[in-house]
Amino acid sequence: VAGEVTEAETPSGDPAEAATEEQSQATVPLQNAGVKSDVDNYLSKLSRHSSHTMALKEKITVDMKDAMRSKDSEKLNAIRLLQSSIKQKEVDDRVEIDDTMILNIIEKMLKQRRDSIEAFKKANRNDLVVKEEFEVKLLQTYMPEPLSSEDVEKEIDSAIKAVDAKSMKDMGAVMSAVKLKVSGRANMAEVSQKIKEKLTNG
């Protein structure tokens, strides 16, 4: 009907109230600017982190393909063992594995092989010693650059001081503190032995 005013055309009411609402809406972008900046920074960091954490997994996959192309069965078998352990971790924990998890897996595998080497040496199984030593060498290529003995000693001394360790009863606390700093970059069995010596000898 001509002359009817539609709902959309109906004035909102008090002009002052409308002006206040408009001003409030206009300030939202300014109020959220800091939040948006924080979110952008977080997403940027997350993106960089994701690309970094994927690097090690991708490197292992690339190395496996290279071993297949070059028909290097010894290297291929060793990498497949690592790949199998990684996939098992993903299935068991239902997670997308990252570098830290992979390094923990490799560290455990290294310990297992070092223990096996000692056992095989005692049993005079040099053939198996050679096999395990090859796998140790390959696995170490994925680990961070190892710390020097001097650096490890410094981290141990720093941890002992930080937790105010006095005796062997503080071994666990010291080990936990040191592990945060040297995990993946030092032989933890040797680190443990050094901590014991320091706490025992006082």
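Predicted model: local features only at pLDDT ≥ 70, side-chain atom pairs only at ≥ 80, totals over all residues.
Of the 202 residues of the chain, 25% count as buried. The chain exposes about 14,300 Å², of which carbon and sulfur atoms supply 52%. Among the contacts in the chain with a separation of 6 or more, 59% are accounted for by residues 24 or more positions apart.

Two packed helices are described by the angle between their axes and by the distance between those axes. For helix α2 (residues 73-93) and helix α3 (residues 99-122), the angle is about 130° and the axes lie 10 Å apart. Because angles over 145 degrees count as roughly antiparallel and those from 65 to 115 degrees as roughly perpendicular, α2 and α3 are classed as oblique to each other. The crossing in which α2 passes α3 is right-handed. On the α2 side, the residues that take part in the contact are L81, L82, S85, I86 and K89, and these meet I102, I105, I106, M109 and R113 of α3. Sorted by class, the contact of α2 with α3 comprises 7 nonpolar residues, 1 polar residue and 2 charged residues.

Helix α2 also holds E90, a residue that counts as buried because its relative accessibility is 18%, a value that falls under the 20% limit for burial. When residues up to four places away in sequence are not counted, E90 touches K57, V95 and I97.

Most residues other than glycine have a negative phi. In the loop between α1 (15-69) and α2, K71 is a residue other than glycine with a positive phi, near 60°. K71 is exposed, its relative accessible area being 74%. In the loop between α2 and α3, R94 likewise has a positive phi, of about 55°, although it is not a glycine. R94 is exposed as well, with a relative accessible area of 78%. Both values are classed as exposed because they lie over the 50% limit.

As α5 passes α6, the crossing is right-handed. The contact brings E155, I156, A159 and I160 of α5 together with V174, A177, V178, K181 and V182 of α6. By class, the contact of α5 with α6 consists of 7 nonpolar and 2 charged residues, with no polar residue.

One of the α6 residues in this contact, V182, was considered individually. V182 is placed in helix α6 and is buried, with a relative accessible area of 0%. The C-alpha atoms of V182 and V152 are 7.3 Å apart in space, while the two residues are 30 residues apart in sequence. With neighbours within four places in sequence left aside, V182 is in contact with L147, E155, M188 and V191. Of these partners, E155 belongs to the set of α5 residues that meet α6.

M171 is likewise found in helix α6, and this residue counts as buried because its relative accessibility is 13%. M171 and I195 are separated by 24 residues in sequence, and their C-alpha atoms are 7.3 Å apart in space. I195 is also one of the residues that M171 touches when those up to four places away in sequence are not counted, the others being S192, K196 and L199.

Methods
Residues numbered from 1 in each chain as written. Heavy atoms only, no water. Left-handed = near helix turned anticlockwise from the far one by under 90°. Helix = DSSP H or I, 4+ residues; strand = E, 2+ residues; numbered from the N terminus. Contact = heavy atoms within 4.5 Å. Nonpolar A, V, L, I, M, F, W, Y, C, P; charged D, E, K, R; others polar. Buried < 20%, exposed > 50% of the residue type's maximum accessible area, 1.4 Å probe, protein only. Areas by Shrake-Rupley, 256 points an atom, 1.4 Å probe, with all protein chains shown as cover. Axes fitted to C-alpha atoms, helices over the stretch in contact; angles between N-to-C directions. Parallel < 35°, antiparallel > 145°, perpendicular 65-115°, else oblique.
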